[in-house]
Amino acid sequence: PARNVRAPSSKATAKVLATPTAKATAKATAKTLNHKLPLLLWPPNLIGYVRVVTLILAMLDPDPASSFAVWMVTSSLVLDYVDGPCARRLNMCSQFGDLLDHYTDHVTMLWLVAVTSGSGLWGQANFAISTLHNCIAFVYMAAYGHYFKHTATGNFWTRTIEANNYWNFASILYCANCILLPLVKLSFAGSYGLRAHAVSTPLIDLSDQIGAVVTLSYSFAVWF
């Protein structure tokens, strides 16, 4: 007589997919893909190229506060949270991809601060700090072949900023100075037809100044 056969549950299927054999198969597939594709065509690096293109399009716009420029630079920044996980998932982490990612990050930072810094004393100081920080990053990566957080050693301040993959309060201040507040200024200026370097409030300036101190200190701490 025929017997009733119960279909495997979704939990059972998940357990099968999570077995060492399934994981090994996934790794083997990723390794095979690595051998088939040249480094320059690895998917994480292709995402990096899209980041570069969208950033260049934003920088070429005569009005950095235009909707097009803001969306382009924002797209580039959003993709920064895609290429890394993609590289790790596909086992396609490489020195080239790491440097492409972080050079793009720091060019973005420098451009954002440059187009939103005012002509006053604070604006000039902020732009000088950003220029120093990003140039140090460029030199560091050229000299050591990797980004700050990949160094084998560190000190109290670098470990504080880099803790939890930059998800911490000190890093938030750093990112606010380099990325978040400039983006807010650009978005506000574009929405209300203002010049980006003229948009600010006392609270934004204070947050920006504290963030600039973190940025400046991080610039020197990476060498020790």
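Tutor: Helices (H or I, at least four residues) and strands (E, at least two) are DSSP runs, numbered from the N terminus. This is a predicted model, in which local features need pLDDT of at least 70 and side-chain atom pairs count only at pLDDT 80 or more, while totals for chains, interfaces and linings use all residues. Residues are numbered from 1 along each chain as its sequence is written, and side-chain values use heavy atoms, with hydrogens and water left out.

Student: How many helices and strands does the protein chain have?

Tutor: The protein chain has nine helices and zero strands. Along the sequence the pattern reads α-α-α-α-α-α-α-α-α.

Student: What share of the protein chain counts as buried?

Tutor: Of its 224 residues, 39% count as buried. Buried means under 20% relative accessible area, exposed means over 50%, and partly exposed lies in between, with a 1.4 Å probe and protein chains only.

Student: And which residues have the most contacts inside the largest nonpolar core?

Tutor: They are Leu112, Phe148 and Tyr174, in a core of 33 residues. The elements that give two or more residues to this core are α3 (43-60), α4 (67-89), α5 (95-116), α6 (121-144), α7 (156-166), α8 (169-192) and α9 (202-221). The most comes from α8, with eight residues. A nonpolar core is a set of buried Ala, Val, Leu, Ile, Met, Phe, Trp, Tyr and Cys residues joined through side-chain atoms within 4.5 Å.

Student: What does Tyr174 touch?

Tutor: Not counting residues up to four places away in sequence, Tyr174 touches His106, Met109, His133, Tyr147, Ile161, Gly211, Val214, Thr215 and Tyr218. Contact means heavy atoms within 4.5 Å.

Student: Some of those are in α9. Which residues of α9 are buried?

Tutor: They are Ile204, Asp208, Gly211, Ala212, Val214, Thr215, Tyr218, Ser219 and Ala221. These buried residues pack against α6, α7 and α8. An α-helix has 3.6 residues a turn, so residues three or four places apart point the same way.

Student: What span should α9 have?

Tutor: At 1.5 Å a residue, its 20 residues should span 28 Å, and its end C-alpha atoms are 29 Å apart, which agrees. The expected span of a helix is 1.5 Å times one less than its number of residues.

Student: Back to Asp208. Is it buried or exposed?

Tutor: Asp208 counts as buried, because its relative accessibility is 1%. Leaving aside neighbours within four places in sequence, Asp208 is in contact with Trp122, Asn126, Ala176, Asn177, Leu181 and Lys185. The C-alpha atoms of Asp208 and Leu173 are separated by 7.8 Å, although these two are 35 residues apart along the chain.

Student: What about α6, which residues are buried there?

Tutor: In α6 the buried residues are Gly123, Asn126, Ile129, Ser130, His133, Asn134, Ile136, Ala137, Tyr140 and Met141. What covers them includes α5, α8 and α9. The helix α6 has 24 residues and reaches 34 Å from its first C-alpha to its last, close to the 34 Å expected at 1.5 Å a residue.

Student: New topic: how much space lies in the largest pocket?

Tutor: About 1000 Å³ lies in the largest pocket. On a 1 Å grid over the protein atoms alone, a pocket is an open set of points where a 1.4 Å probe fits, with protein on both sides within 12 Å along at least five of seven lines; lining residues have an atom within 4 Å of a point. Grid points are joined across faces, edges and corners, and the volume is the space filled by probe spheres set on the points.

Student: Which residues lie nearest its centre?

Tutor: Among the 35 lining residues, Asp80, Tyr81, Asp101, Asp105 and Lys149 lie nearest the centre of the largest pocket. The largest share of the lining, nine residues, comes from α4.
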